[in-house]
Structure formats: structure tokens, C-alpha cells
Amino acid sequence: MARPKLLSRNDHEKYQFGRRLTRDKIDRRHPWLRRAAILAFFVFAGLLLAIVAFRFVSHSITPVTIAEKLSGKVLARNWVQLANISRELPLAVIASEDGSFCKNWGVEWRAVVDAMREGRGIGAGLRGASTITMQIAKNLYLWPRRSYVRKMFEVPLAYVLSALWPKKVLMETYLNIAPWGPGIVGAEAASQYFFHKSAAALTRREAILLAGVLPSPSLRDPTMPTPQMLKVVPVIDKRMQVLASRSACVLP
């Protein structure tokens, strides 16, 4: 086999000069490319720093709370630890929203592909393809409006969150930042508002009804469940019985 020809010092300098010249031409013709790359780098670095920081502190400001405040709604929220929330609620949320929460890495590609294949678009169907971790990424770092563009950001953020945060931290964060109605953010606020009790005292049925609100919190009320919500209650209950043994990652 012939040995590769080594560049002489003069040829190497010419090669490096050519590379610099090409790069300079690109920068002059498309200065926005360089600026976009720099902006993307700083955005990614900022998000990564925020993810690491939020691993250890509560998240008092999110896009959801900002949107609520700008709309003039009074926010009711109170951050509580996962240990102070009835075990029925995280189990109901897993059964309703993300059955493989304890096993997945933040993204369920099969559900995403199925939603796309069935043509469910960017409405409730596409939301059904969102795992709990993807919803955390959306509620913490992205905008509320559904779109394929937002979904493209949710996926990598979900992987990063899954890599850096334990499952209990993910679940505690989700239950404390999820919107349960206009101006109602977090499980404790929802429990106090709808059932006049702490999240620690929620019954199984109350937890199921709260989980049923999550797909459309601005339209659903757990104290006045629609026929569709009541139809789902026994389904979620059965799923909870099956998933209890698979949800040890968050259950006491």
C-alpha cells in the first residue's frame, strides 16, 4: 500500500491560507451565519446552565407563569416536595400521561411517529406524544403554543433533562409547574383550589380527576368532570394498578 504523501511546509502554509481565505469570504457574504452560530451557542449554553441550576432550586418563573401574569390572572401556587404529595397523584399522572416514565429517556419515539402517521397534527394528538419530561422542557424553557418547531426543541431538551435530573426531581418539578387551570399552577394550588385540601391528602379518584385536567387545563374542571373525563376515570384507575410496580422511581 502506497504511503500518503506528506505536505511540505510551504504546501501546508498555502493550504492554511486557502482555508482562512475561504472562511473570510463566507463571513463577508453571509455574516448572519456566524452571528446565528454564536447566538445558538450562547442560547444552548444558557439553557444547559439553567438546567443544571434548576436541578437544585425551585422554578418560580416559567413561560407559563409569565403568560398568566401578562394576561392579568392572579397566580395561585405553592411549591411542595414530592414526599408531601399523595402518591396517588404521580401514579395517576404516569398512567395518564407517560406510562414508561421510569424507563424512558424523556422521549417516546413510537408515540411521536404514531401521532404523525395518524395525521393528528399539532393539536391534542401531538400533545399525546409528549412525555412528562418533554412537557417539563416546554413549561420551563419554551412557549405554550403548540407547533412542530416547539416539538423540535422539546426533544433535545428532554434528553438533556433526563441525563442530568433524577426521576424524582423530574416528577416533583412537573407536578409543581404544570398548569391546572387559569391562574392555577402546581399540584398544591390545584388541590387547595378544587378540593380544599393539601396535595398530600388527595384521594385516588381526586388524583385521577386532576390528571384528567392536564391535557386541557383551561377547559376542564375536576369538580365538574365532562362525560369524556368520567369515561377515562376507570381506564386510568386500571392503568394505575398495572403501573404501580413499574413506578418505583417516584413512589415512596
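**Entry 1**

I looked up Glu 206 and found that, at 15% relative accessibility, Glu 206 counts as buried (under 20% relative accessible area is buried, over 50% exposed, and in between partly exposed, with a 1.4 Å probe and protein chains only). The model is predicted: local features need pLDDT of at least 70, side-chain atom pairs count only at pLDDT 80 or more, and totals for chains, interfaces and linings use all residues. Residues are numbered from 1 along each chain as its sequence is written, and side-chain values use heavy atoms, with hydrogens and water left out.

Glu 206 forms a salt bridge with Lys 197, with the closest N and O atoms 3.1 Å apart (a salt bridge is a side-chain nitrogen of Lys or Arg within 4 Å of a carboxyl oxygen of Asp or Glu). I noted Lys 197 as partly exposed, with a relative accessible area of 23%.

**Entry 2: The salt-bridge network**

I searched the whole structure and recorded three salt bridges. Which residues are linked in a network of salt bridges? They are Glu 88, Arg 204 and Asp 237.

The side chains of Glu 88 and Arg 204 meet at 3.0 Å, N to O. This pair links distant parts of the chain, 116 residues apart: Glu 88 is in helix H4 (residues 88–97) and Arg 204 in helix H11 (residues 204–213). Helices (H or I, at least four residues) and strands (E, at least two) are DSSP runs, numbered from the N terminus.

Arg 204 also forms a salt bridge with Asp 237, the closest N and O atoms being 2.7 Å apart. Asp 237 lies in helix H12 (residues 227–243), so this pair ties together parts that are 33 residues apart in sequence.

Glu 88 counts as buried at 17%, whereas Arg 204 is partly exposed at 27% and Asp 237 is partly exposed at 24%.

**Entry 3: Helix H7**

Is helix H7 (residues 132–141) mostly covered or uncovered? I found H7 mostly covered, with 10 of its 10 residues buried; among them are Ile 132, Lys 138 and Tyr 141.

**Entry 4: The whole protein**

I counted 12 helices and two strands in the secondary structure. From the N terminus on, the elements run α-α-α-α-α-α-α-α-α-β-β-α-α-α. Buried residues make up 40% of the 252 residues in the protein.
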